[in-house]
Amino acid sequence: MEITCIMCPVGCTLTVTKKGNEVTVKGNGCPRGEIYGKNEITTPKRMVTTIKKYKDGTISLKTSEPIDKNLVTNCLKEINNAKEPKNIKPGEIFIKNILSTNVDIIVTNVNN
Ligand code: SF4
């Protein structure tokens with residue numbers, strides 16, 4: 001299968017082939033593309049970014065690391081159900097270890 005590497009703006013076209021348990025990646029301009037290509041065919045992951053609205057403003061959030069693609073919807077539900085934090089600042093943890101993934105939800109911006 002052909003996929004575009006999204007790990008940097010270059011956007012190399014990767015040809016990913018799976019034979020049995022062996023996955024080969026061609027077309028990557030650097031080692032990160034090989035890792036991305038292998039993960040896409042075995043356990044695809046995504047960064048999650050979102051904005052949570054409160055009565056008095058918004059908080060921009062992102063995952064500290066990519067999470068399994070099939071957990072993205074539940075991750076967004078957990079963020080939506082979280083209570084409004086007091087005096088939270090960019091760089092602080094909004095939710096620690098979301099969905100037991102060892103990934104945190106980090107505040108990237110606060111607008112009050
Ligand atoms: S393979 Fe490397 S150079 Fe190519 S898009 Fe991915 S990260 Fe960028």
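Colleague: Is Ser-100 buried, partly exposed or exposed?

Modeller: Keep in mind that this is a predicted model. Ser-100 lies in the loop between β8 and β9. Ser-100 has 7 C-beta neighbours inside 10 Å, so it counts as exposed.

Colleague: And what about Leu-99, is that one buried, partly exposed or exposed?

Modeller: Leu-99 is found in the loop between β8 (93-95) and β9. Buried takes 20 or more C-beta atoms within 10 Å, and exposed takes 12 or fewer. The count for Leu-99 is 14 C-beta neighbours inside 10 Å, so the label is partly exposed.

Colleague: What phi does Leu-99 have?

Modeller: Most residues other than glycine have a negative phi. Leu-99 isn't a glycine, yet its phi is positive. Ser-100 is not a glycine either, and it has a positive phi of about 55 degrees. For Leu-99 the value is about 55 degrees.

Colleague: Moving on to Ile-105, is it buried or exposed?

Modeller: Ile-105 sits in strand β9, which covers residues 105-111. Ile-105 has 24 of them within 10 Å, so it is buried.

Colleague: Which residues does Ile-105 touch, if I skip those up to four places away in sequence?

Modeller: Touching here comes down to C-beta atoms within 7 Å. Met-47 is 58 residues from Ile-105 in sequence, and their C-alpha atoms are 10 Å apart. Leaving out residues up to four places away in sequence, Ile-105 touches Leu-61, Thr-63, Ile-79, Ile-93, Phe-94, Ile-95 and Ile-98.

Colleague: How many residues of strand β5 are buried?

Modeller: β5 takes in residues 49-54, six residues. The strand is hardly covered, and its count of buried residues is zero.

Colleague: Let's zoom out. In what order do the helices and strands come?

Modeller: The protein has two helices and nine strands. Read from the N terminus on, they run β-β-β-α-β-β-β-β-α-β-β.

Colleague: Why is the protein described as more spread out than a compact globule?

Modeller: The globule rule gives 13 Å for 112 residues, and the radius of gyration is well over that, so the protein is more spread out than a compact globule. Along the principal axes, its C-alpha trace spans about 50 × 25 × 20 Å. Buried residues make up 16% of the 112 residues. The radius of gyration itself is 17 Å.

Colleague: How many Å separate the centres of domain 1 and domain 2?

Modeller: Domain 1 is 2-42, while domain 2 is 49-111. Taken over C-alpha atoms, their centres are separated by 29 Å.

Colleague: Last one: how many residues of the shell around the ligand are charged?

Modeller: The ligand is surrounded by Cys-5, Met-7, Cys-8, Val-10, Gly-11, Cys-12, Asn-28, Gly-29, Cys-30, Arg-32 and Gly-33. Six residues of that shell are nonpolar and four are polar. The number that are charged is one.

Technical notes. Residues are numbered from 1 along each chain as its sequence is written. This is a predicted model: local features need pLDDT of at least 70, side-chain atom pairs count only at pLDDT 80 or more; totals for chains, interfaces and linings use all residues. A residue is near a molecule or strand if its C-beta atom, placed from the backbone, lies within 6 Å of it. Ala, Val, Leu, Ile, Met, Phe, Trp, Tyr, Cys and Pro count as nonpolar, Asp, Glu, Lys and Arg as charged, and the others, Gly among them, as polar. Helices (H or I, at least four residues) and strands (E, at least two) are DSSP runs, numbered from the N terminus. The radius of gyration is taken over C-alpha atoms; the globule rule is 2.2 Å times the number of residues to the power 0.38. Two residues are in contact if their C-beta atoms, placed from the backbone, lie within 7 Å. Domain bounds come from an automatic or database domain assignment.
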